[in-house]
Amino acid sequence: MKSHTVVVGLGNPILADDGIGIAVARALEPRLAGTGVAVAESAWGGMRFLDLLTGFDRAVLVDAIQWRHGPIGTVYCLTPEEAIPTVRAVGYHDVSLGLALQLGARLGIPLPKSIVVFAVEVDDTTTVREGLSPAVAAAVPEVIQEIEDLLAEWGVVEGTRLTRG
Amino acid sequence: MTGTRISIDPITRLEGHGKIDIFLDDEGEVTETYLQIPELRGFEKFCEGRPVEELPRIVTRICGVCPEAHHLASAKTCDAVYHVDPPPTAKKLRELLYSAFFTGDHTLHFYALGGPDFVVGPTAPAAERNILGVIGKVGLEAGKRVIQLRAGAQEVVKILGGKAVHPVTSLPGGVSKGLTEAERARIEELAKGFVDFAGFTLQVFEDVVLGNPAYVDLITGEVYRQQVHSMGTVDGQGRVNFYDGEVRVVDTAGKPLIQFPAKDYLQHLAEHVEPWTYLKYPYLKRVGWKGFVEGQDSGVYRATPLSRLNAADGMATPKAQAAYVRMYEVLGGKPVHFTLATHWARVIELMYAAEHTLELATDPEITGKDIRTLPTATPDEGVGQVEAPRGTLFHHYQTDARGIVQKVNLIVGTTNNHAAISLAVKRAAKHLIHKGTAPDEGLLNMVEMAFRAFDPCFGCATHSLPGRMPLEIQLRGSDGSLRRTIRRP
């Protein structure tokens with residue numbers, strides 16, 4: 001049976017803080033094993049959102065952002081409409097997240113009705129290296145907590161088991 | 001500097017994004033335009049000390065948009081480092097993967113990025129100038145076909161590359177995985193669909209763009225004319241090839257200027273450095289760097305779908321060749337210097353990629369078992385090149401005798417076009433800005449259209465200059481005070 005909920009980590013694992021989404025996805029995967037929640041990674045958004053999200057009822061996206069509304073490591077919870085400036089959701093080579101969702105709707109592609117984007121304020125996204133800046137790495141547990149709370153709220157997983165995990 | 005500066009920034013002012021600065025003189029006329037683009041740092045250092053055969057898998061991570069191009073440029077470079085020639089079946093498998101990738105990439109560019117300006121119209125509200133607007137004009141069925149095409153191209157890449165997005169198949173001397181008859185048959189079936197779809201897209205271009213005199217005027221107008229040299233890879237018969245062949249540059253009159261194998265790239269290309277940016281501007285050594293100027297005596301060149309067609313003698317497949325002939329007939333012969341004709345060239349290349357996918361899928365050798373020549377020579381140094389969708393891509397590696405990477409140099413497609421993009425933006429700005437005034441929406445979109453034709457992907461940075469993103473222009477007085485902000489959400 002196909003899972004109804006997916007968590008997608010967006011980013012580049014060898015581009016410093018741009019790897020935040022991937023780091024969260026990799027940390028979540030074992031924690032969500034057996035819950036039926038799918039976990040995916042993607043280096044790109046744009047039209048690829050249609051591949052990643054099709055067939056799911058709910059989706060959580062995790063991406064890096066640099067808009068300096070808070071210090072490095074700040075975690076923002078955004079709607080897809082608000083998530084335009086996240087690093088991977090802009091889709092400047094094809095479509096933004098919002099446009100991908102509109103396109104899917106127009107073409108009758110089954111896309112999630114609920115989408116929540118967690119964006120983490122990051123520092124360095126232009127140095128090719130593995131590993132996050134300390135302030136960004138420190139945000140990983142918070143993002144995981146937020147996602148697990150949300151999944152519990154959605155009734156997808158049991159909150160207590162996960163949040164204490 | 002006296003005068004006024006106009007900056008075009010992504011509205012969100014994300015760190016690491018590109019920026020366009022337009023400088024005006026005291027009369028309010030454009031003097032210079034500068035593209036300031038961040039560069040990925042540390043890639044060379046990241047690669048140093050690793051076994052060179054790992055690079056084809058690492059370089060796919062440089063860029064989320066064209067990992068297949070980096071994978072194959074890297075694979076060819078590894079072949080060169082190990083002095084090994086892959087067997088014909090291996091080369092064809094790589095090329096099959098690449099042709100399918102090109103089909104998908106060019107399709108997306110046309111329908112999602114380039115097409116909206118023409119199909120919906122350059123003066124249509126920005127909110128409608130997108131793929132939804134295109135579907136509104138061309139029909140819902142076309143939208144479904146775009147999605148199907150894209151999925152089909154990804155399926156081919158996955159069958160051959162091992163993964164849908166970041167291929168892992170290539171090794172020095174060949175590929176790790178052959179093709180079964182069942183897989184081949186599936187690819188053939190998909191490729192037939194690609195050719196149908198490319199024909200449909202050429203027809204859309206014919207009906208919607210060429211059928212509208214205003215669009216033809218826009219394409220052939222002075223704003224987007226750019227007379228620079230043209231670079232592209234050609235096969236042994238001088239035809240466009242994405243995977244293999246020599247790099248040819250024709251001059252502004254279409255005469256062959258240089259032709260060279262990838263390994264000689266440093267003999268023919270040099271990089272100009274400007275004090276205000278750490279990005280470099282490649283130019284043709286033979287002509288020399290004469291500044292940011294167009295013309296026969298300038299070393300500036302373009303490496304785009306249009307320049308590939310200009311540089312070549314024709315296309316290697318029949319339908320693409322017919323479309324090639326048609327384009328030059330309509331636009332007045334070779335070479336074409338209309339930047340916006342790059343979109344037309346891209347659709348012609350889409351047909352070539354589709355036809356070539358089908359050709360390779362039905363090649364008797366494609367299911368051959370001899371897919372790798374084992375390297376036996378001592379590795380040292382190599383250069384490899386492919387035509388990426390956005391331009392010629394060079395990889396250059398040096399290793400020690402154990403094959404451990406000592407040095408890496410890349411010239412990516414957009415870097416080749418760096419000076420040409422700057423010039424294209426300058427021309428659009430000069431046309432639109434007089435006495436310090438500029439039409440709001442017009443400036444934004446017409447400047448965008450200039451660089452959208454190139455689909456820039458600077459340094460393959462993730463935070464490149466956006467082709468379609470909210471923009472902000474800041475008009476500043478000579479004292480630096482903000483005079484006016486033009487913003488489009």
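Select chain A to begin: its secondary structure comes to six helices and five strands, where helices (H or I, at least four residues) and strands (E, at least two) are DSSP runs, numbered from the N terminus. Along the sequence, the order in chain A is β-α-β-α-β-β-α-β-α-α-α. This is a predicted model, in which local features need pLDDT of at least 70 and side-chain atom pairs count only at pLDDT 80 or more, while totals for chains, interfaces and linings use all residues. Residues are numbered from 1 along each chain as its sequence is written, and chains are lettered from A and ligands numbered from 1 in the order in which they are written.

Now colour chain A by pLDDT, the predictor's confidence in each residue, from 0 to 100. The chain A average is 86, with 87% of the residues scoring at least 70.

Switch to chain B, which holds 15 helices and 16 strands. Of its 489 residues, 56% count as buried; a residue is buried if 20 or more other C-beta atoms lie within 10 Å of its own, exposed if 12 or fewer, and partly exposed in between, with C-beta atoms placed from the backbone.

Next, select residues 140-161 of chain B, which form helix α6. This helix has 22 residues and reaches 31 Å from first C-alpha to last, close to the 32 Å expected at 1.5 Å a residue (the expected span is 1.5 Å times one less than the number of residues). Among the buried residues of α6(B) are Val146(B), Ile147(B), Arg150(B) and Leu160(B). What covers these buried residues? The cover includes α2 (48-53) and α3 (97-106) of chain A, along with helices of chain B such as α4 (88-119) and α7 (181-210).

For the next stop, show Ile348(B), Val425(B) and Ala450(B), the residues with the most contacts inside the largest nonpolar core, which has 195 residues. Such a core is a set of buried Ala, Val, Leu, Ile, Met, Phe, Trp, Tyr and Cys residues joined through C-beta atoms within 7 Å. Its largest share, 15 residues, comes from α4(B). Leaving aside neighbours within four places in sequence, the contacts of Ile348(B) include Leu309(B), Met315(B) and Tyr324(B).

Finish at the open sheet of chain B, with four strands in the order β8-β7-β6-β11 and mixed pairing; two strands pair if DSSP finds at least two bridges between them. β8 and β11 (301-302) stand at the edges with a single partner strand each, so one side of each is left without a neighbour in the sheet. Select residues 246-250 and 256-260 of chain B to see β7 and β8 pair in the antiparallel sense over four bridges. There, Val249(B) stands opposite Ile258(B). The two strands form a hairpin with five residues between them, and Gly254(B) in the turn has a positive phi of about 90°. By contrast, β6 (residues 229-234) of chain B runs parallel to β11(B), joined by two bridges, with His229(B) partnering Tyr301(B).

Definitions and conventions: Two residues are in contact if their C-beta atoms, placed from the backbone, lie within 7 Å.
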